[in-house]
Structures are given as C-alpha cells and as structure tokens.
Amino acid sequence: MASRTAPARRPIGTATRGTTNPNRLRRMDRWIARTHGPALRRSADPVAVDLGYGAAPWTAVELLARLRTVCAAAEVVGVEIDPGRVAAAKPYERDGLSFAHGGFEVPLSGGTGRAPALIRAANVLRQYDEDEVTAVWSRLCARLAPGGLLVEGTCDEIGRRHVWVALGPEGPRTVTFAARLGSLDTPSDLAERLPKALIHRNVPGEPVHAFLRDFDRAWAAAAPYSALSARQRWIRTAASLAAEWPLTDDARRWRQGELTVRWDALAPRGWQFSPSGV
C-alpha cells in the first residue's frame, strides 16, 4: 500500500494588513534589548521570533541588528501567515536571520521541542476582537522557552507612539508607554495606541482610564519643566506618578521617553488569564 503524506496544518491566525516602515519598532526594540538582553545571553538558544512582520522584512532585519548589540549569538526568525510575504523575504536571509510560513503556532526549524527566547508581535492583534486576545496570549506564552518573553503591542506608522505589554510564560507582567515626546500634547494621546486588551477599556471605571487621567494630571502639574525640555517634563511626570502607581522603571528609562507600569495595576476589571496554553 502506498504511504500517504499527512496534509500540512494550516497556520493559526489571519493575515494582517502588512503595513510596515523601516525603523518603526525602534522604541520597542530598544526596550527589549535593555530589558531582555541578560536573559538572551544566558539562553543556550537565543532565538527570537518576529511574528507577523508584514509585507516587507525590515522589522526582522532591524531586530537582529539590535539584539546582537546585547547578545552576539542572537538569531531572528520572521514568521508570516502570508506565504507570498515569506517568499518575498527569503532573499534577505543571512546568518542568524530566516523566514518561515506560520502563525500563532510559531513554527521553528531545528526540532519540535525548540522554543523561542523572545516573541515580538507588533501591530498583529489590532485586527482581532478583544475577547480573542487572552487565548492568543496563552498560546504564545506556552510556546516560550523558560525565561522567555512575549512583547505584544501597537504603534503608529512611523513609530513615534507605542504601547506594549510584556509577558512571561506565566502571563502578563508590565505595560510600557513610549513616545517621541515632542509629538505629545498630553500623555493620553497614547490611548489610541493601547494594545487590543486595553484599548476598549479606556472608559470610566476601568484602571487604564484612571491611570491615563492621572498621567495627564501629572503632566499638567509638571508644565514648568517644559521650559527645560519635554524630557525633563516627562521625568518629573513619571516621578509624580510613581507615588501612586506601581512603576517598574526609573529615570534611566524615563529619559528615553518610556514609562512602565505593572500589568496588574491596569488589567481590565474581571480579567483572567490561564498560562496553560490553548
């Protein structure tokens, strides 16, 4: 009897619009390199996945360059659900950089047990419904290697404004707000870039709404510092917020136009997460 080849499994997820621009994810990449660099150096297999990189491979190319400033052995695999985008990216492959067809199952060559030390999913879940987010997070967290990190968030088209959630295998840890400070009138301008898990919760009675309200109030109170620079105003704003909200960073990161707060302070009311996978 002739043997039968099992049909290939269909990738999990749907194609994004594919919009991408060079240097769009620089703020997220800078934060990842600073925060996760030590874990990558400790990893026996420091492979990172750029999930849903889009119609052009620029973000994967840039991620490799930035990770290698903190981990010379870092490898990046760009994963796309659209096979045409994978084919278009293949000419850019080189040592440490490859592209694969797939989705939220996060396929990696080199054995079924291989797990990524980092998954970056930028502007991927924007098109999904809010009630789909926790299942996707759970699936991706279950794919992480021990000590691995999932970073999922949204930015504008040229990377001036960005908000992302950082998750470990156990689930979400922090939310980071990052901006080119000269582009902001108020910190709540970042609300339009909240990740899908939070963007519809920016309403009275929800923690993220209260946080952005207090963020704006602290920004207004720090207005005199704008005579020095927008950076000094942001640092003063963050220092004031830290008295009421559990920020996890300090002035070294605030100077970069960043601010990170614990996830549990902003989590939607009634929100639950299971880290066991789907």
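Mentor: Strand S5 (residues 149-155) and strand S6 (residues 161-168) pair in the antiparallel sense over 6 bridges; two strands are said to pair if DSSP finds at least two bridges between them. Helices (H or I, at least four residues) and strands (E, at least two) are DSSP runs, numbered from the N terminus. The model is a predicted one, in which local features need pLDDT of at least 70, side-chain atom pairs count only at pLDDT 80 or more, and totals for chains, interfaces and linings use all residues. Residues are numbered from 1 along each chain as its sequence is written, and side-chain values use heavy atoms, with hydrogens and water left out.

Within this pairing, Cys 155 has His 162 in S6 as its bridge partner. Cys 155 is buried, with a relative accessible area of 1%; buried means under 20% relative accessible area, exposed over 50%, and partly exposed in between (1.4 Å probe, protein chains only). Cys 71 is also counted as buried, at 6% relative accessibility. The count of disulfides is 0, a disulfide being a pair of cysteine sulfur atoms within 2.5 Å.

Both strands belong to an open sheet of 8 strands with mixed pairing, in the order S3-S2-S1-S4-S5-S6-S7-S8. Its edge strands are S3 and strand S8 (258-262), each of which pairs on one side only.

Helix H2 (residues 58-67) has as its buried residues Thr 59, Ala 60, Glu 62, Leu 63, Leu 64 and Leu 67. What covers them includes helix H1 (26-42), strand S1 (47-51), strand S2 (75-80), strand S3 (97-101) and strand S4 (118-122).

Aromatic rings come next. There are 14 aromatic pairs: rings of Phe, Tyr and Trp (its six-membered ring) pair if their centres lie within 6.5 Å, and planes under 30 degrees apart count as stacked, over 60 as edge-to-face and the rest as tilted. The rings of Trp 137 and Trp 271 have centres 6.3 Å apart and planes at 65°, so this pair is edge-to-face. Trp 137 lies in helix H4 (residues 133-143) and Trp 271 in the segment after helix H9 (263-266), so the pair ties together parts that are 134 residues apart in sequence. Trp 137 is buried, at 0% relative accessible area, whereas Trp 271 is partly exposed at 25%. Trp 271 also pairs with Phe 273: the ring centres are 5.8 Å apart and the planes at 5°, so that pair is stacked. Phe 273 is buried, with a relative accessible area of 18%.

Technical notes:
Contact means heavy atoms within 4.5 Å.
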